[in-house]
Amino acid sequence: MSGAKGAGLLLILAAPLGAFVVWQATVAVGADRAVAEPPAERGAPKEQLSAGREKAAAHSAEVRKAAALAVQYRAPTADDATRDPDAKGTIDAAAARAADLTDLDLFLSDLANPVFAGKVKDRYKAWTAEKAARDADEKAVSAWFLKVLAVASAGDATKELDAALALVDQYAGRSKFSDKAKAATWRVRARLRAADALATVANDQYRAAIKVKLPLEPGTNAVKTAGDTHRTLSDQIDALRESARQAADDKVALDATVRAAVEAKGAVADECAARAALLKLFAKDDLFTNAAGAGPWLKDVAAHYDRTKNDEVRALIRKKVQEFCEAFIPVAARLDDTVVLKGKPVPRKDVVIKYEPTAGAKVERKPLSGDPDGLTEFNVEAKHPGPATFVYHNGSDEYPRDLKPTDVSRAALVFNAARKAVPDIPGAPRWTAKTVGDLKKKCEPQKELVDQLQTPGGTAAPNIWTRLSGLAAGMDGKGDLFEPVP
């Protein structure tokens with residue numbers, strides 16, 4: 001602590017002692033006068049008067065010596081000894097006060113190992129230990145601000161911030177000598193530093209997430225991770241701004257650079273919220289499993305698109321809408337699990353085609369396929385013509401002409417052809433209100449059957465007609481979403 005501050009405290013503590021010195025001097029002067037003025041009625045012998053004056057002078061000298069000692073704020077020496085009881089009381093009081101003031105000066109000087117000797121030395125020792133703990137806490141906080149933060153995820157940022165705030169709370173709560181304003185400033189700076197570190201991670205994750213093509217892998221994926229990170233960053237910025245507001249309420253003057261950095265986080269928070277909302281749309285859990293979800297999803301996307309002013313982000317949204325449409329409408333449907341053999345339905349899996357690859361060659365057997373491009377009831381005669389081709393089922397050979405498709409299989413061929421015919425022109429959006437409308441129109445005559453179609457490897461009907469009709473309705477009035485993507 002500075003010498004000026006220590007001197008000020010010494011002056012304050014010395015005020016009662018000064019009053020005491022003045023009082024003692026007054027007593028001495030009064031005594032001197034009492035001896036110097038003999039009674040008016042009769043006079044004393046000359047020797048007696050002379051002795052009285054000498055005694056008064058000696059007393060006055062002792063008192064003045066004691067007063068001089070008192071105003072010097074020092075411990076008495078052998079030269080300061082006196083037999084005068086009044087002067088001795090003053091000297092003893094001055095000695096005790098000097099010891100206390102010396103202890104105070106030692107305490108305020110922040111010496112490494114001060115030795116206290118006054119009446120309250122135990123209290124000064126405790127305070128010194130408390131100040132040492134405070135200084136250690138301050139060094140720990142300073143070390144956190146100097147270290148490189150290991151932040152690669154939202155969890156890392158939260159962990160680092162929690163550690164910093166714990167150090168600040170320890171500093172502020174463990175000692176009565178801690179600087180509350182300094183602690184408030186540290187809290188703001190720590191939140192600011194953690195937010196900056198997490199913002200870097202969020203930006204990297206966002207750039208990676210928007211490159212992931214829809215549909216996303218189920219469970220944890222890059223888009224969901226980036227969305228969670230942006231939401232965490234948004235929460236941290238809210239807490240940062242609250243800490244800055246609290247500091248202002250507590251009359252803590254933040255550095256101009258810190259204030260500007262906090263204010264700048266407002267724009268970051270807005271961007272976070274927009275990104276998180278967008279990523280949430282792309283990572284919707286039932287985005288591709290809910291056959292009736294296209295309309296509501298496009299409505300949400302269109303609202304977000306209209307609020308977005310950034311051309312790059314608008315182009316990104318249009319690109320993702322195209323990816324959504326491409327994945328939402330199945331690329332192809334497989335044939336029905338049932339075929340008709342000699343007018344009766346039989347399981348496809350139980351039907352085998354027997355044929356000779358070439359005339360007179362060994363007969364080969366191949367199961368009837370559900371893939372429209374494989375060996376099916378639609379092409380068995382074309383692929384393996386001749387009298388040596390048979391349809392084997394349940395121990396019997398039948399002629400290929402007796403094998404017929406179901407209406408569901410016919411609907412699959414209609415849908416597959418129409419889906420393949422959706423134009424894919426470089427530089428132009430493939431999915432628009434017109435192309436979806438054309439696809440829907442081709443499927444509409446068999447819409448009930450189209451809704452029964454299954455996809456290769458699928459275990460449940462994807463309700464293709466429901467998807468088509470919902471997508472077409474959702475596109476209505478949202479032409480901007482389906483403009484060309486640069």
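This is a predicted model: local features need pLDDT of at least 70, side-chain atom pairs count only at pLDDT 80 or more; totals for chains, interfaces and linings use all residues.
User: What is the overall make-up of the protein chain in helices and strands?

Analyst: The protein chain holds 15 helices and seven strands. Of its 486 residues, 40% count as buried. Among contacts between residues at least 6 apart in sequence, 66% join residues at least 24 apart.

User: Why are helix 9 and helix 10 called roughly antiparallel?

Analyst: Two packed helices are described by the angle between their axes and the distance between the axes. The axes of helix 9 (residues 294-307) and helix 10 (residues 311-328) cross at roughly 170° and come within 10 Å. Angles over 145 degrees count as roughly antiparallel. Helix 9 and helix 10 are therefore roughly antiparallel to each other.

User: Why is Gln236 called buried?

Analyst: Buried means under 20% relative accessible area. The value for Gln236 is 8%, so Gln236 is buried. Its place is in helix 7 (residues 222-249). Leaving aside residues up to four places away in sequence, Gln236 touches Ala157, Thr158, Leu161, Ala194, Ala195 and Leu198.

User: What is the relative accessible area of Cys325 and of Cys443, and how many disulfides does the structure hold?

Analyst: Cys325 has a relative accessible area of 0% and is therefore buried. Cys443 is likewise buried, with a relative accessible area of 0%. A disulfide is a covalent bond between the sulfur atoms of two cysteines. The cut-off applied here is a pair of cysteine sulfur atoms within 2.5 Å, and the structure holds zero disulfides.

User: What makes strand 1 and strand 2 a pair?

Analyst: Two strands pair if DSSP finds at least two bridges between them. Strand 1 and strand 2 (residues 344-347) have four bridges and pair in the antiparallel sense.

User: Where do the side chains of strand 1 point?

Analyst: The side chains of strand 1 (residues 338-341) alternate.

User: How many bridges join strand 1 to strand 7, and what is the strand order of the three-stranded sheet?

Analyst: Two bridges join strand 1 to strand 7 (residues 403-404), and the strands run antiparallel. Leu341 stands opposite Leu403 in strand 7, while Val340 has Lys404 as its bridge partner. The open sheet of three strands has the order 2-1-7, with antiparallel pairing. Strand 2 and strand 7 are its edge strands, as each pairs on one side only.

User: Why do strand 4 and strand 6 stand at the edges of the four-stranded sheet?

Analyst: This open sheet has the order 4-3-5-6, with antiparallel pairing. Strand 4 (364-367) and strand 6 (396-398) each have a single partner strand, so one side of each is left without a neighbour in the sheet. Neighbouring strands of this sheet are turned by 30° against each other on average, direction ignored. Strand 5 (residues 390-393) pairs with strand 6 over three bridges in the antiparallel sense, and Val391 has Glu398 in strand 6 as its bridge partner.

Key. Residues are numbered from 1 along each chain as its sequence is written. Side-chain values use heavy atoms; hydrogens and water are left out. Axes are lines fitted to C-alpha atoms, for helices over the stretch in contact, and angles run from 0 to 180 degrees between N-to-C directions. Angles under 35 degrees count as roughly parallel, over 145 as roughly antiparallel, 65 to 115 as roughly perpendicular and the rest as oblique. Buried means under 20% relative accessible area, exposed over 50%, partly exposed in between (1.4 Å probe, protein chains only). Contact means heavy atoms within 4.5 Å.
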